[in-house]
Amino acid sequence: MSALGSASAQSSVSATTAVVILAAGKGVRMRSARPKVLHAVGGRPMLDRVLELAARHAGASAPRLVVVGAQRDEVEAHLARSDPRAIPAVQEPQRGTGDAVRCALAALGETPAERILVLSGDVPLLAPGTLLALEAAFGRHGCAVAFLTAIADEPGAYGRVVRNEHGAVTRIVEARDASAAELLVRETNAGVYLFDRAFLSEALPRLGTANAQGEWYLTDVIGLAVDAGRPVEGVLTRDATEILGANSRADLARIESALQTRLAAAAMAEGVTLVRPETVTLEDGVTFEPDAVLEPFVSLAGATHVSAGARIGQGSILRDTKVGPGVTVKPYTVAEGATIGAGSIVGPFARLREGTELEEGVHVGNFVETKKARLARGAKANHLTYLGDCSVGERTNV
């Protein structure tokens, strides 16, 4: 069994890796009109996170094939906006993960690629270092396939990784097809694979449907590789939250919680004080400078930037807002698309709408609303005021 940690992963990515992203599922348990992979975590659709990881890992010019099926029109329309280089591969009907990858290889055609990296569009938290380590294991052992595994306290519906007495992988068995003894196995399949393309192309036509779901399982390729005497490597991820998948709203909440824990830790590592980090909500694009302070229940989204020494008060919500050095944002302030100059004081219960520009030392108090308003240095509007589409001069008191 190989083990990995992102800090120690070292590998050079093959220049001929194509990425297949599985995104054809119906997501029935989500009980939603929205395609499952377009549900957001950290303010971004899960599929976008996976596409970004694919481009970062394999290179922006590497082929990225997204297998679409259920609600394909919506997913394809989203792809056209978010990643025009991605190639939709239609799977209709949906007959299992093996069939999905077969559809992707057909769409890839003769495009050169020696390796096929398979990701899931509903597994958005994989770290780049984890994929580098997967590549390293693949190359080190000359694998037909390397895949990620995780140890789960409650494996549930995840496939089980079956190993022999020497610790070598023999197969993956899906939970519905597992024996009572196999269901006790805690090492689970993460659904992330790196294949030798030539072997994968040979193996896919040999898959059968003699299983509980009557589908072509991609996991059966592992058993075929073992039978052929080809090296197979199961690479253990030490952080199981990376491979969390979303099949229900409860799963989505678990992924969001894991992401928020990660983002809060990153902010604190940059020198930011989070008074109660478990209550703060952040998005990826938010940036900080050291000695910023976030009080409980703050929500920061979009391209918000919080400068050194600024304090964001309890319950405040900021989106796409630039907060200058030494600013005090008092509790329950809402700002969107605003700029708050150094040393300014805003709130409590203020609302800064898009286009608001506060210069240095401005005071905007309780129940004040601004829209496309520019308040010059030292201007004050301390309570019960609406300022829209206007300019307010220096040291003016409204």
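Analyst: Happy to; what follows is a chat about this protein, which is a predicted model.

User: Great. How many helices and strands are there in the protein?

Analyst: The protein has eight helices and 29 strands. Its C-alpha trace spans about 80 × 40 × 40 Å along the principal axes.

User: And what percentage of the 398 residues count as buried?

Analyst: Of the 398 residues, 52% count as buried. As for contacts with a separation of 6 or more, 45% of them are between residues 24 or more positions apart.

User: Let's go inside. Which residues touch the most other members of the largest nonpolar core?

Analyst: Those are Phe288, Leu294, Leu300, Val364 and Leu375, in a core of 45 residues. Helix 8 (249-269), strand 28 (363-375) and strand 29 (380-392) are the elements that give two or more residues to this core. The largest share, seven residues, comes from helix 8.

User: What is leucine 294 in contact with, leaving aside its neighbours within four places in sequence?

Analyst: Leucine 294 is in contact with Val272, Thr273, Leu274, Val275, Val280, Leu282, Phe288, Leu300 and Ile312. There is also a second, separate core of 34 residues, and Leu22, Ala24, Val145 and Phe199 are among its members.

User: Back to helix 8. How far apart are its end C-alpha atoms?

Analyst: They are 30 Å apart. That agrees with expectation, because 21 residues at 1.5 Å a residue should span 30 Å.

User: Nice. Which residues of helix 8 are buried?

Analyst: The buried ones are Asp251, Leu252, Ile255, Ala258, Leu259, Gln260, Leu263, Ala264 and Ala267. Their cover includes strand 3 (40-41), helix 1 (46-58), strand 13 (273-274), strand 14 (281-282) and strand 15 (287-288). Just after helix 8 comes glycine 271, with a positive phi of about 95°.

User: Changing topic: what volume does the second largest pocket have?

Analyst: Its volume is about 360 Å³. The lining of the second largest pocket has 14 residues, and Arg49, Glu52, Leu126, Pro128 and Arg262 lie nearest the centre.

User: Which helix gives the most to that lining?

Analyst: Helix 1 does, with four residues. Helix 1 and helix 8 each supply at least two residues of the lining.

User: I also had my eye on asparagine 189. Is it buried or exposed?

Analyst: Asparagine 189 counts as buried because its relative accessible area is 8%, under the 20% cut-off. It lies in strand 11 (residues 187-196).

User: What does its side chain reach?

Analyst: The side chain of asparagine 189 reaches the backbone nitrogen of glycine 191 at 3.1 Å. It also has a polar contact of 2.8 Å with the side chain of tyrosine 193. Not counting residues up to four places away in sequence, asparagine 189 touches Phe147, Leu148, Tyr158, Gly159, Val161, Ile172 and Thr219.

User: And arginine 163, where is that found?

Analyst: Arginine 163 is in strand 9 (residues 160-163). A polar atom of its side chain lies 2.7 Å from the backbone oxygen of glycine 167, and the side chain of arginine 163 reaches the backbone oxygen of glycine 234 at 3.4 Å.

User: Is leucine 384 buried or exposed?

Analyst: Leucine 384 is exposed, since its relative accessible area is 66%, over the 50% cut-off. Phenylalanine 349 counts as partly exposed, at 43% relative accessibility.

How values were computed
Residues are numbered from 1 along each chain as its sequence is written. This is a predicted model: local features need pLDDT of at least 70, side-chain atom pairs count only at pLDDT 80 or more; totals for chains, interfaces and linings use all residues. Side-chain values use heavy atoms; hydrogens and water are left out. A nonpolar core is a set of buried Ala, Val, Leu, Ile, Met, Phe, Trp, Tyr and Cys residues joined through side-chain atoms within 4.5 Å. Buried means under 20% relative accessible area, exposed over 50%, partly exposed in between (1.4 Å probe, protein chains only). Contact means heavy atoms within 4.5 Å. A polar contact is a pair of N or O atoms within 3.5 Å; within protein, one must be able to donate a hydrogen and the other to accept it, and residues adjacent in sequence count only if both atoms are side-chain atoms. The expected span of a helix is 1.5 Å times one less than its number of residues. On a 1 Å grid over the protein atoms alone, a cavity is a set of points where a 1.4 Å probe fits but cannot get out, and a pocket is an open set with protein on both sides within 12 Å along at least five of seven lines; lining residues have an atom within 4 Å of a point. Grid points are joined across faces, edges and corners, and a volume is the space filled by probe spheres set on the points.
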